[in-house]
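The following paragraphs walk through a few features of the structure shown here, starting from a charge beside a ring and moving on to the rings and strands around it.

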Amino acid sequence: CLPSNSGVFAMDGRQDAGSGSAVLKCIDVEARRVLWERAGFDYGSLLRVGDELLVLTCGGELVRVSAVVGGYRETARAKVLRATDSGYRLPALAGGHLYVRDDDTLKCLDLGPAGGRE
């Protein structure tokens with residue numbers, strides 16, 4: 001879960017439930033209600049970078065989403081790794097570079113000037 005000014009972003013689902021079964025949600029914790037949700041994700045890890053979320057899925061996709069409570073807004077999507085079911089994806093961010101791995105490969109992705117705000 002990643003907090004925002006008035007919401008928390010979270011991936012709801014299980015890795016073993018199958019491709020496309022997870023839901024990205026924005027939750028108002030104080031009001032105990034879901035502000036918005038977007039179905040169809042593979043389970044994955046979230047990182048908050050400035051005003052964006054980086055979602056790295058077990059399917060190998062990296063998805064950039066605006067971190068706003070007003071609604072889901074995807075800004076980019078790319079297949080960066082092979083799919084894996086043997087472990088969670090745990091990306092790391094340092095100096096505007098995103099480090100990602102699958103079962104056999106470690107990659108360093110340059111997020112550019114906008115992605116370097118940690």
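**A charge, a ring cluster and a hairpin**

Arg77 sits over the face of Phe41, 5.6 Å from the centre of the ring. The model is a predicted one. Phe41 also belongs to a cluster in which ring pairs link Phe9, Trp36, Phe41 and Tyr72.

How many aromatic pairs are there? The count comes to three aromatic pairs. In one of them, the ring centres of Phe9 and Trp36 are 6.0 Å apart and the planes meet at 50°, so this pair is tilted. Angles under 30 degrees would count as stacked and those over 60 as edge-to-face, so 50° falls among the rest. Phe9 lies in strand β2 (residues 8-12) and Trp36 in strand β4, so that the pair links distant parts of the chain, 27 residues apart. Phe9 and Trp36 are both buried.

Trp36 takes part in another pair, with Tyr72. This one is edge-to-face, with 5.7 Å from centre to centre and 70° between the planes. Here too distant parts of the chain are linked: Trp36 is in strand β4, while Tyr72 is in the loop between β7 (61-66) and β8 (74-79), 36 residues away. Tyr72 is buried, as is Trp36.

Strand β3 (residues 22-28) pairs with strand β4 (residues 33-41) in the antiparallel sense, over seven bridges. Asp28 stands opposite Arg33 of β4. Four residues lie between β3 and β4 in this hairpin, and Arg32 in the turn has a positive phi of about 55°.

Methods: Residues numbered from 1 in each chain as written. Predicted model: local features only at pLDDT ≥ 70, side-chain atom pairs only at ≥ 80, totals over all residues. Heavy atoms only, no water. Pairing = 2+ DSSP bridges. Helix = DSSP H or I, 4+ residues; strand = E, 2+ residues; numbered from the N terminus. Phe/Tyr/Trp six-rings, centres within 6.5 Å; stacked < 30°, edge-to-face > 60°. Buried < 20%, exposed > 50% of the residue type's maximum accessible area, 1.4 Å probe, protein only. Lys NZ or Arg CZ within 6 Å of the ring centre and 35° of its normal.
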